Amino acid sequence: MVRERDFLLRTGMVNSNVYAGIQPDDCVVWRRVPGGYQNFSLCNHTCVTEVNGKPTGGNYVCDASFVFASGAKGFAPRQAIVGWTRSVAAAHAIARDIFFEYHFNDYCDEFCVSSSWAEAIKLELTDPNKKVEVNRFGGSPEMLKECAGIIADCKQAGFIVNLTTPGRRLMIDAQFVKDLAADPPQILAMSFDDVGPDEIKRLAKMDLDAIKAEWKTISPHHGQRQKAYEGLYAAKLMLEMEVPIKLLFNVVIHPGNIRHLDNLLATLSECVPGCFANPYPAQSFNNEPPCWTVESLPALRAHVLHFIEGTLAGTPGITRRISYYNMLEAAYRKWFRKDPKRLLEFMSGIGAWDITLRPGAYRYAQIGKSTEVINRPFEELPLPGGHLGCFWNPILGLPKHVNGSIEELAETITMGMVKRGRELRRGRLEYVQTSNVMPRLAFDTVSTELGIPFELVVEYIRTRKEYCGF
Ligand code: SF4
């Protein structure tokens with residue numbers, strides 16, 4: 001079993017210090033809509049492809065963009081945000097017990113996990129020293145006045161804390177820099193998706209003042225470019241200040257950058273020493289058509305294989321998530337020749353990995369918005385956000401806030417999302433999108449596998465056997 005545990009940890013099938021996760025959207029506000037107010041994920045950037053018919057230079061559209069905000073306002077306060085996180089973390093501990101008592105054996109049977117591997121997985125995931133990871137997220141969580149305080153409270157509560165944010169405030173708010181450096185999150189995750197390798201090399205050679213000066217010249221409608229400058233600035237600043245923090249760059253892979261992706265990732269590691277890259281495929285929102293194209297599929301597969309092989313070889317700079325990449329490779333093997341349309345959908349997050357398919361897939365829970373429209377004066381609205389759901393499929397957001405009983409929350413994490421998915425799909429004639437293709441949320445090997453569409457399971461097990469030996 002030592003061999004199995006070593007392999008699980010080495011390849012990221014299980015995490016060395018974390019057994020469950022929470023991704024709270026800290027940027028939920030109220031926005032006026034016909035019939036009242038509705039939750040909206042706000043960002044202070046605008047990542048779109050055009051504004052008023054004029055191309056921005058951006059390659060994708062994000063719903064949280066500031067241009068769509070129409071006066072949305074009113075973040076929840078620090079105390080509520082931290083309280084929601086603590087409740088879900090407490091529920092995770094109970095959900096883990098429920099999962100291992102009632103659902104783990106079914107998982108092992110369906111995914112052909114033999115007893116030695118099952119034992120190793122269980123031992124790792126029930127290790128009392130492992131913690132809950134909290135990825136503070138949303139359009140731009142640094143917008144919250146109390147962002148540094150929220151991080152400090154979460155660290156104080158014993159969580160591993162990531163801050164996923166563009167990094168602008170580190171460029172323009174000296175007090176925030178001081179506060180964050182004094183009690184930093186364990187990981188600072190930024191984005192790099194619309195800037196090529198040559199541009200990164202050029203920016204990396206500039207000093208902080210020069211990056212900022214050039215950043216000021218970027219159109220506010222080209223958020224993708226702004227956040228590349230902001231992220232690089234923030235990373236250089238943290239390195240210069242020697243803040244003990246792991247730097248991670250989220251890189252959305254899309255048809256526009258897939259061909260130079262390897263170069264882009266290598267350049268990032270070269271220009272920001274010690275950083276990690278977290279590339280993941282772009283996906284379609286809200287029943288949009290697939291964002292991938294048939295022409296871009298071979299290049300994406302090369303990337304998938306590079307990550308599987310790099311993980312097995314221990315190549316530095318590769319985020320180890322072999323089960324996630326095995327799942328993508330299995331989709332290629334099943335559909336690349338026979339049904340490329342289905343493959344395009346899968347890679348775009350449509351009918352893909354799904355937290356509502358089986359108990360245990362939702363072990364990286366998300367706190368965020370609900371789609372309910374409330375018709376009351378603004379001053380009488382409840383706090384925005386605080387609902388279990390999924391950022392990528394807002395329809396899944398539960399109407400209730402997470403401040404119910406911890407046992408009830410644990411049941412929702414384990415079975416509630418499965419019921420929610422069934423309830424949304426039942427009797428509906430139109431297709432209901434409940435899936436996504438986000439590696440962080442797929443999390444470890446157990447939750448990744450439990451979210452795999454039923455039609456892909458056989459091919460997935462074959463692929464896992466080939467690369468992982470079981
Ligand atoms: S910075 Fe991120 S969240 Fe904000 S608009 Fe751009 S893609 Fe969306």
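Two strands count as paired here if DSSP finds at least two bridges between them. Keep that in mind as you click around this predicted model.

Start with strand E9, residues 246-253.

To see how they line up, pick isoleucine 187, which stands opposite lysine 246 in E9. Then jump to serine 191: its bridge partner in E9 is asparagine 250.

Stay on asparagine 250 and look for a partner in E10. Which residue is it? Asparagine 278 is the bridge partner there. Now the chain path: from E9 it goes through helix H10, residues 261-271, and on to E10, making a right-handed β-α-β crossover. Select all of E10, residues 276-281, and you'll find it paired with E9 over six bridges, again in the parallel sense.

Time to zoom out. Colour the eight strands of the open sheet in the order E10-E9-E8-E7-E6-E1-E11-E13; the pairing across this sheet is mixed. Finish at the edges, where E10 and strand E13 (387-388) stand. Why does each of them have a side without a neighbour in the sheet? Each has a single partner strand, so one side is left without a neighbour there.

Technical notes
Residues are numbered from 1 along each chain as its sequence is written. This is a predicted model: local features need pLDDT of at least 70, side-chain atom pairs count only at pLDDT 80 or more; totals for chains, interfaces and linings use all residues. A residue is buried if 20 or more other C-beta atoms lie within 10 Å of its own, exposed if 12 or fewer, and partly exposed in between; C-beta atoms are placed from the backbone. Helices (H or I, at least four residues) and strands (E, at least two) are DSSP runs, numbered from the N terminus. A crossover is right-handed if, with the strands pointing away from the viewer, the path from the first strand over the helix to the second runs clockwise.
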